[in-house]
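Me: Please take a close look at the surroundings of the ligand in this predicted model. Which parts of the protein form the shell around the ligand, and where does the ligand lie?

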Amino acid sequence: MAKLMRAVQYDGYGGGPSALKHVEVPPPTPNKNEILIKLEAASINPFDWKVQKGKLRPLLPRKFPYIPGTDVAGEVIEAGPGVKKFKPGDKVTAIVDPFNGGGLAEFAVIKESITALRPPEIPASECAGLPVAALTAHQALVQSAGIKLDGTGQRKNILVTAASGGVGHYAVQLAKMGNTHVTATCGARNLDLVKSLGADEVIDYKTPDGAALKSPSGLKYDAVIHCAEGFSWSTFEPNLSSKGKVIDISPRVSSMITFALKKVTFSSKQLVPLLLIPKAENLECLISLVKEGKLKTVIDSKYPLSKAEEAWARSIDGHAIGKIIVEF
Ligand SMILES: NC(=O)c1ccc[n+]([C@@H]2O[C@H](COP(=O)([O-])OP(=O)(O)OC[C@H]3O[C@@H](n4cnc5c(N)ncnc54)[C@H](OP(=O)(O)O)[C@@H]3O)[C@@H](O)[C@H]2O)c1
């Protein structure tokens, strides 16, 4: 085991990509029910740089310096006391506990409870894209919108906004496994890609109909998986079916007020703020879908750890198509 490992960290709030420092620090040690992995790939999420910006202060980071990065894929090096499901040599994917951080480093500690085995034949980069983005898409569709991925549910019309992004591109593919009609919004350059992921109709978000979220075939949505930011309730409302729900994965103060208002007035149309609650069983389900060839990770770009700040800048830029991967 190496005495020091390469890692990327920052010392305080703000500063963007240029505040990321390349350091050599001792590798972490797994405690009870934890696993030490050697990373093969990680993926960047907007969550990572939002934490750096201080959007989750005072909760996160718990202390500085902080090694960011939650989504990891790698090989088990050491199973800590009490770990039952994993042994050295296993290939895994997991979410690093964001309170402790640690994903942008050669070695990371992960909790057994949010780790899933990955078949060695699936590239690490493909699995590293899954944790936050695909789990969020899964939770929004299955738990909040009531979609059954085996296609047995009642027919539903779904809108996925920002369908070319990390969460959106998984949401389109997962939604189509259910009994659904999927409308999606994205930029003009991604219309063909989003169609190829399975969307039944795709709208350019920069056109008037796109801005109004109007279905080209005039359908009303039973659920909106809202992955783009912004949009007021008055834009969603005329496009919803009588019991339509907007599942907002980036809720602002205004959406929390709408959520509360809709609840207290017993409105049949609802706004549901979503916060990811990661579950290993859902990560296992997603990996099985990748293995069966039913779900794929679209990779926007790949960077070595030595260029992690470029991956960070790419995510802040807001124009990723699928997932941004860091390789080790
Ligand atoms: N609540 C949670 O637990 C949770 C979990 C995961 C993510 N999130 C949040 O969800 C949001 C999306 O995350 P992500 O990883 O999917 O982001 P992302 O990958 O960075 O999204 C980038 C994509 O969004 C597209 N886009 C931007 N604005 C759009 C619009 N108005 N209409 C249609 N497409 C638009 C961009 O297309 P162009 O390049 O064409 O503009 C780009 O392809 C972020 O705010 C993130 O923080 C929340």
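Reply: The domain bounds used here come from an automatic or database domain assignment, and the model to which they are applied is a predicted one. That assignment gives domain 1, which takes in 5-129 + 297-327, and domain 2, which takes in 133-273. Both domain 1 and domain 2 give residues to the shell around the ligand, so the ligand lies between them.

The C-alpha centres of domain 1 and domain 2 are 28 Å apart, and the contact that joins the domains draws on seven residues from domain 1 and seven residues from domain 2. On the side of domain 1 that touches domain 2, three residues are nonpolar, three are polar and one is charged.

Around the ligand itself there are 32 residues, of which G165, G166, G187, L276 and H319 come nearest. By class, this shell has 16 nonpolar, 14 polar and two charged residues. Among its contributors, α1 (46-53), α3 (131-144), α4 (166-177) and β9 (180-186) each supply at least two residues.

How values were computed:
Residues are numbered from 1 along each chain as its sequence is written. This is a predicted model: local features need pLDDT of at least 70, side-chain atom pairs count only at pLDDT 80 or more; totals for chains, interfaces and linings use all residues. Two residues are in contact if their C-beta atoms, placed from the backbone, lie within 7 Å. Ala, Val, Leu, Ile, Met, Phe, Trp, Tyr, Cys and Pro count as nonpolar, Asp, Glu, Lys and Arg as charged, and the others, Gly among them, as polar. A residue is near a molecule or strand if its C-beta atom, placed from the backbone, lies within 6 Å of it. Helices (H or I, at least four residues) and strands (E, at least two) are DSSP runs, numbered from the N terminus.
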